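The following briefing is meant to be read beside the sequence and the coordinates.

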Amino acid sequence: MERRSRLRRGNNPGRHSRMQHRKGSILMEPKGPEPTRRAMEPNGVPVPRQKMSTFASPLRAACRIRHKYLLMKRRRVSTEQREPGDGERPGLKGQEGQGRGARNRGKPPEYFTFDKVPIRATRKRHSHKKRKVLYPNDSRKYLPEEKKSKAKHCLFLLSVIVFFQIYNAIENLDDNVLKYDLAGLEKTLKREVFGQAVAIDNVMDLLNDYLSTHSHNKPLVLSVNGPIGVGKSLVGRLLAKHFRSVLGDELVHQYFVLHHCPTHDNVTSCQQELQVVISEIVSRAEDEEKIPLLIFDEVEFMQPALLDFLHNFLQPNQTNEFLNVVYILISNHGQAEITKFVLHNASSGMTQQLATSEELVFTVQSSLVHIHPLWNHADIVPFTLLQRHHILECFLEKMMAEGFYPDSAHLDKLSGELNYYSVGEHQYSVHGCKHVDSKINLLH
């Protein structure tokens, strides 16, 4: 058999070359008539051709397997070399999945790290649609003409009018404040009153806010409270003197309770007199477009019936002329609460800021409301205790007014004769500057 196959290969070179060609290339196969030569036996007799079906079928199967293997290998290599952004062909999803699985099996094991996985940035394609202007078929294709609106001119004119109104209102506010000369009043109070700078600032802020306009929904009620000798009555006199100079004597009234209504017997007549005075002042001020000033001193001695009568003028539901009035109530009510609060907080080192403490104002107003409900409508301005260096300033001012030479040793001796509350390094006068005049009079 070996001999016959050799002879067959040797005698049939065409078939041998075709087999070699089939092994090398899979898809290409020679076409056309195949040259055949019959093998010859040694005696010259031709040998009949045998069929190659038994040999060609396994060979073709092996070639097909090799062809598929090479094709899969080629696809795997092309998949490995492909970039991450390349697209995928839908027909090769299954085969690429198989190649990906084989590739993952061939990779070495990866180790866990805390590095963040890079996120692939995908570019979003923005579709720019051209805006088409649709015109009806029966019209000409052109843009509509822009018509000038008259509303713009009206809006501009209205804005100008509002601007001038606001400007005039601001000018009127400034004119009202300048009319009362509050800057000069503030300088006078700070020069004449010792140890009450914070309380004076509070009074001036309230007056500035109220006197800046002439229309109000309620009168301004200032309640000046504190111990004796701290400058409450002095502030009342300075306010009356200043407003008489800018408003006139007819629009300023000082009411001293012990002088105008000292006893219980004439309370009714006191009410009638007070009503006449207030009505005349308010009517005159309304005619002149000014705000009058009414100062009530020694309110702690005012009778309850007179307090009830005065309470009626402090209500917000009144006619307009009674709403544009400034009332100042001066009294010693609340002096115990103020003294206790100052001595308790003296160690904090913020003595000047105690007058504006919300806790102190609430405590004083609560005690005043128990006396009479009219203090519900009042703004409380507490005057605190004076320290020893304030008493020295009082002695110095009084001695210079009387013509005495201000000797520092003499001043220390005179101030040392007064009584003080001692809290650590601080000394607060018990009676303030009340006894300074009597001590100076002894020097004559």
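Which residues make a nonpolar surface patch of about 370 Å²? The patch is made by Leu155, Leu158, Val162 and Ile166, where a patch consists of residues with over 30% relative accessible area and no salt bridge, like charges being joined within 9 Å and nonpolar side chains (Val, Leu, Ile, Met, Phe, Trp, Tyr) within 5 Å. This is a predicted model, in which local features need pLDDT of at least 70 and side-chain atom pairs count only at pLDDT 80 or more, while totals for chains, interfaces and linings use all residues. Residues are numbered from 1 along each chain as its sequence is written, and side-chain values use heavy atoms, with hydrogens and water left out.

**Overall composition**

- The secondary structure of the protein chain comes to 16 helices and seven strands, these being DSSP runs numbered from the N terminus (helices are H or I with at least four residues, strands are E with at least two).
- Of the 444 residues in the protein chain, 32% are buried, a term that stands for under 20% relative accessible area, with exposed meaning over 50% and partly exposed in between (1.4 Å probe, protein chains only).
- The protein chain exposes about 30,900 Å², of which carbon and sulfur atoms supply 54%; accessible areas come from the Shrake-Rupley method with a 1.4 Å probe, and for residues only the protein chains shown count as cover.
- Among contacts (heavy atoms within 4.5 Å) between residues at least 6 apart in sequence, 73% join residues at least 24 apart.

**Surface patch**

- Ile166, one of the patch residues, has its place in helix α5 (residues 150-180) and is partly exposed, with a relative accessible area of 48%.

**Nonpolar cores**

- The largest nonpolar core has 47 residues, and those with the most contacts inside it are Leu207, Leu211, Leu239, Phe243, Val326 and Ile328; such a core is a set of buried Ala, Val, Leu, Ile, Met, Phe, Trp, Tyr and Cys residues joined through side-chain atoms within 4.5 Å.
- Helix α7 (residues 197-211) gives the largest share of this core, eight residues.
- Leaving aside its neighbours within four places in sequence, Leu207 is in contact with Leu182, Leu185, Leu220, Leu222, Leu239 and Val326.
- Apart from this core lies another, of 36 residues, among them Met302, Phe313, Leu329 and Leu368.

- Five bridges join strand β2 (residues 252-256) to β3 in a parallel arrangement, two strands being paired if DSSP finds at least two bridges between them; Val252 has Leu293 as its bridge partner, and Gln254 stands opposite Ile295.
- Strand β2 is also mostly covered, since four of its five residues are buried.
- Strand β4 (residues 326-331) pairs with β3 in the parallel sense over four bridges, and Ile328 in β4 is the bridge partner of Ile295.

**Hairpin of β6 and β7**

- Strands β6 (residues 420-423) and β7 (residues 426-429) run antiparallel and are joined by four bridges, with Gln427 in β7 as the bridge partner of Ser422.
- Two residues lie between the strands of this hairpin, in which Gly424 takes a positive phi near 65 degrees.

**Helix α12**

- Thr339 has its place in helix α12 (residues 335-344) and counts as buried at 14% relative accessibility; leaving aside its neighbours within four places in sequence, Thr339 is in contact with Pro227, Leu385 and Tyr421.
- Glu337, also placed in α12, is partly exposed with a relative accessible area of 28%, and its C-alpha is 8.9 Å from that of Gly226, a residue 111 places away in sequence.

**Salt bridges**

- A search of the whole structure finds eight salt bridges, each defined as a side-chain nitrogen of Lys or Arg within 4 Å of a carboxyl oxygen of Asp or Glu.
- Asp249 and Arg244 meet in a salt bridge (3.9 Å, N to O), in which Asp249 is exposed at 54% relative accessible area and Arg244 is partly exposed at 30%.
- Glu402 and Lys398 both lie in helix α14 (residues 388-402), four residues apart, about one turn of the helix, and the closest N and O atoms of their salt bridge are 3.8 Å apart.
- Glu186, Lys190 and Asp201 are linked in a network of salt bridges.
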